[in-house]
Amino acid sequence: MVSSIITTFVHLVLMLGMPPLLLGVINKTKALFAGRVGPPLLQPYYDLARLMRKGMVFSTTTTWVFRLGPVVTLAAVLLAGLLVPLGPFAAPIRFGGDLILFAYLFGLARFFTTAAALDTGSAFEGMGAAREVTFACFSEPAIFLAFLVLAKLSGSISLTPMLRSPHTVPLMGLPVASLVLVAAGLFVVLLAENCRIPIDDPNTHLELTMIHEVMVLDHSGPLLGIVLYGAAVKLFVLSAVVLHVMLPARTGWAPADWGLFVVEMLGVAVAIGVVESAMARLQMRHVPTLLVAASLLCGLGFLLMLR
Amino acid sequence: MTTWWLVIAVAVVAFSGVPGLLMSRRSSVGQWVAAVLNVLGCAAGGAALINHYVRPERSTAIRLAWALPFGQFSCAVDDVGLIFLVPIFLISALGAVYGLSYWAQRRHVGNGRKLRLCWGLMTAGMAMVVLARDGVLFLMAWEIMALAAFFLVATEENKGEVREAAWVYLVATHVGTLCLFGFFALLRQATGAFELWPSLPASISPAVAAGLFVLGAVGFGIKAGVMPLHVWLPGAHANAPSHVSAVLSGVLLKTGVYGLVRVTALAPHPPAWWGATLLVAGTASAILGIAFAVGQRDLKRLLAYSSIENVGIIVLGVGLATLGRSLHRPDLVVLGLGGALLHVLNHSLFKPLLFMGAGGILHAAHTREIDLLGGLGKRMPRTFLPFVIGAVAICGLPPLNGFIGELLLYVGLLRAVATSSRAWAAVGLGAPALALVGALAVAGFVKLLGTVFAGAARSERAAHARDPAGSMLLPMWALAACCVLIGLVPVIAIGVLDRAVAGWAPIMGPAAGGIRSFVPVGWLTGMSVALFAAVGAGGLWLAGRRSRSTSRSAGTWDCGYARPTARMQYSGSSFSQMIVELLAWVLWPWRRRPRIEGIFAGPAEFESGVPDVVLDRSLMPAFDSAAWLLGWARVVQRGPIQVYLLYVLSILVLLLLFA
């Protein structure tokens, strides 16, 4: 009982506090590759604090959907974060079928992000929204194909036992090939869902080629802060999911496991930074090919399970 | 007792349009009489259904002999029928209220009385289809329903487009009825009576059982609108008056689903291919239906294709449950049928809501073309909110009712993976397919909301649109409230569903333990409440920030353009262009590109669209070439009487020679 309260507390602290740090680590990694000093690790926190103090500008064409969009998105992503186990610890909320709620909360977030983008009437934001909903048609089936593998492996349909199954099942019984394929597929989905290179470039300044950044062009002040924070939480939650499939190390002693988890999460952030430094952004028309490949990797993983 | 009550209520509804016929075309009294009778009849029917739910032992069957050959007047109500009767009464009553201002008699002098007569008859026909326990009575009710629906679709018969859609519907529905004639004849052959719904004897030959399934699946599949039997659906839904579209989509399609649910229950242990066929057909229908919806430019056609998607999801659930019967898996039966029936109920709430919203838009802006609308969120705020609720619900997103229905199906599909042998684990591939459907649905409905309600008006008419009258808003708000209620407290629907599942598969019922043993309903309520609370708190905080700090209004930041115009907005067609191109191999879109020449090119027009592949690209060309081929037979039909005498003579000579 006490340990579960502590677990929940640490879960909440990490989920609420750590996401901007991941962005800072990614940016620092990219700066190192480019031979720059780069912004401080805590820069995303400073940015959020600054945005929260600012005023807001609303376009005259917008309605309540524009103002509520970021709020719904953040609420949905935070609730989804409560369903995911961090490291070896159980998620605060877990029940049979929670993986469906998890996936659909991201759907809800996408619905309101894109609806808010269209609410401004800007052609650029329309383009971003169109790309977002199109690419989701590939990444959502990929996520469910990966879940099928984990459901088959664990014999369960709740995220906590499913995601922990790669390290609770004895090593001999592990379908290593399937897990490797799923890990690769999910990593691509992670990059796509969080709009990183090679799918999208979070630092670009050419509106015609952006996805996520172009959808939030009109948000300002605290509203923009909520958008950026929500995106960071989404990165954190999906990274935590991907981490499970990558067979992380375990000690069995809670404080050490939490420490390991934090280090591993920073490792994922470094990996994203390396990918962003080493690759160029794909042409927009080639993105579907990459995402189909991710779905196929997860699908192949499932077929291997049925062998 | 309860059954009599229901039959009388149905008779009142059937009669509701008749007094109007006796009144002047110019007076509005007739429409009020019709609406009051309709609402009273439906309320009485609803009360009878509650009575049945509370005291099922009092719903004894009615059996009356009649003078016609075959069969008898035999009616009964059971728990499966209950789920289908609730939407029939609810949507018919709300639609009748909606029609008071949408199709007001003083503005539609020519066809208002006809519409109200057929409205009552169609409602009564649908209710009798569910109540009938005799094959002949069933077919009679089925035909009354189908013909009344034909006249309703053809309300504006002076328009060519409407006539064509109505004819396609009439032909399609009769192809379905033909299959049902075969189905009931075969059923009588197999069981020796016209009584419904029997359990097939164990001694029946597999060929007869297969014939029954195929005839039933095609006959009812046409009415339900399963791809590729959906040809009548988009045109009829788009061209009927909007409250008629609401009933067609929300309720009439479900009579086809009702038939499928009954057909799959015929065999106690159906062969596995029954369920597998329905599962595959439902999945294909869902994916293709929503893919076509995303490409549409017509507001109501988009909603119509989305109905094909939703029926596909329902059929997927029925298939899963049938497979569960074959494999002796109570969990698949409970979750598959429970999810399918809940989706029947849910779709009959949010789809009429959206069609009624579309009617309000049509009323205000006089166009169904999505790309000519825009900015209606500001002009029609009281239509906007229920429409957003309906759109979120139909995408199956939490915390609304659509999510609960899809969750049951997902849990069923995933359980098939987690706990099945290897071969049947492939059933789980339905889960990623449903995820694809969900993502496409978000694309389609964000396109709809974003183009119609968001941004700035793209036409003069849209710029001056206003919210419709209260009698049109009230039904929408009522349906939106139902969507939120089932999403927050799904437990109110679970009891009805559990009893329906137990009635459908009596062997599985008590052992299975109901939906609650597989899906934690309490957690869902908790999460929904948490989501509403978080959004509410965030919204309040934002409102507080907005009033305290410096917030101001300005034009949209359009990357440097000082004066962006409404025509520079992203249109609905551009929004869906990427998806349409990626799926061009199945959607077959057409486009008319202008040739742009010279340095100072003149004005040019570009047009694109997504036709119906089955109807416009296959059936219509096939019928056209058949008509052309048969045209050659006209060579013998020349006109002069001498030629025909020559034919008679030569035939006689031929007969003499061969005799």
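# A tour of chains A and B

Of the 307 residues in chain A, 62% count as buried (a residue is buried if 20 or more other C-beta atoms lie within 10 Å of its own, exposed if 12 or fewer, and partly exposed in between, with C-beta atoms placed from the backbone). What you have open is a predicted model, in which local features need pLDDT of at least 70 and side-chain atom pairs count only at pLDDT 80 or more, while totals for chains, interfaces and linings use all residues. Residues are numbered from 1 along each chain as its sequence is written, and chains are lettered from A and ligands numbered from 1 in the order in which they are written.

**Stop 1: select chain A**

Colour chain A by secondary structure and you will find twelve helices and one strand (helices are DSSP runs of H or I with at least four residues, strands are runs of E with at least two, and both are numbered from the N terminus). Going along the sequence, the pattern is α-α-α-β-α-α-α-α-α-α-α-α-α. The radius of gyration of chain A is 19 Å, close to the 19 Å that the globule rule gives for 307 residues, so chain A is as compact as a globular protein of that length (the radius is taken over C-alpha atoms, and the rule is 2.2 Å times the number of residues to the power 0.38). The C-alpha trace of chain A spans about 60 × 45 × 45 Å along its principal axes. Among contacts in chain A with a separation of 6 or more, 78% are between residues 24 or more positions apart (two residues are in contact if their C-beta atoms, placed from the backbone, lie within 7 Å).

**Stop 2**

Now zoom in on β1(A) and strand β3 (residues 551-554) of chain B: the two run parallel and are joined by four bridges (strands pair if DSSP finds at least two bridges between them). To see one bridge, select A:Met56, whose partner in β3(B) is B:Ser551.

**Stop 2: chain B on its own**

Chain B has 27 helices and five strands. A compact globule of 659 residues would have a radius of gyration near 26 Å, and the 27 Å of chain B agrees with this. Its C-alpha trace spans about 100 × 75 × 60 Å along the principal axes. Of the 659 residues of chain B, 54% count as buried.

**Stop 3: a pair of packed helices**

Select helix α4 (residues 79-102) and helix α13 (residues 330-365) of chain B, which pack at an angle of about 10° with their axes 10 Å apart (axes are lines fitted to C-alpha atoms, for helices over the stretch in contact, and angles run from 0 to 180 degrees between N-to-C directions). α4(B) and α13(B) are therefore roughly parallel to each other (angles under 35 degrees count as roughly parallel, over 145 as roughly antiparallel, 65 to 115 as roughly perpendicular and the rest as oblique). Show side chains at the contact, including B:Ile83, B:Phe84 and B:Tyr98 of α4(B) and B:Leu341, B:Pro352 and B:His363 of α13(B). By class, this contact has twelve nonpolar, three polar and no charged residues.

**Stop 4: B:Ile515**

Next, go to the loop between α22 (509-512) and α23 (521-548) of chain B, where B:Ile515 sits. Is B:Ile515 buried or exposed? B:Ile515 counts as buried, with 26 C-beta neighbours inside 10 Å. Leaving aside neighbours within four places in sequence, B:Ile515 is in contact with B:Val334, B:Gly338, B:Leu408, B:Ile494, B:Leu497 and B:Asp498.

**Stop 5: backbone details in the loops**

- B:Pro228 lies in the loop between α8 (206-224) and α9 (233-239), and the peptide bond from B:Met227 to B:Pro228 is cis, with omega near 0°.
- B:Pro399 is in the loop between α15 (381-394) and α16 (401-419); a cis peptide bond joins B:Pro398 to B:Pro399, with omega about 0°.
- B:His328, in the loop between α12 (299-327) and α13, has a positive phi of about 55° although it is not a glycine. B:His328 is exposed, with 11 other C-beta atoms within 10 Å.
- B:Trp588, in the loop between α25 (584-587) and β4 (590-592), has a positive phi of about 50° although it is not a glycine. B:Trp588 counts as partly exposed, with 14 C-beta neighbours inside 10 Å.

How values were computed. Nonpolar A, V, L, I, M, F, W, Y, C, P; charged D, E, K, R; others polar.
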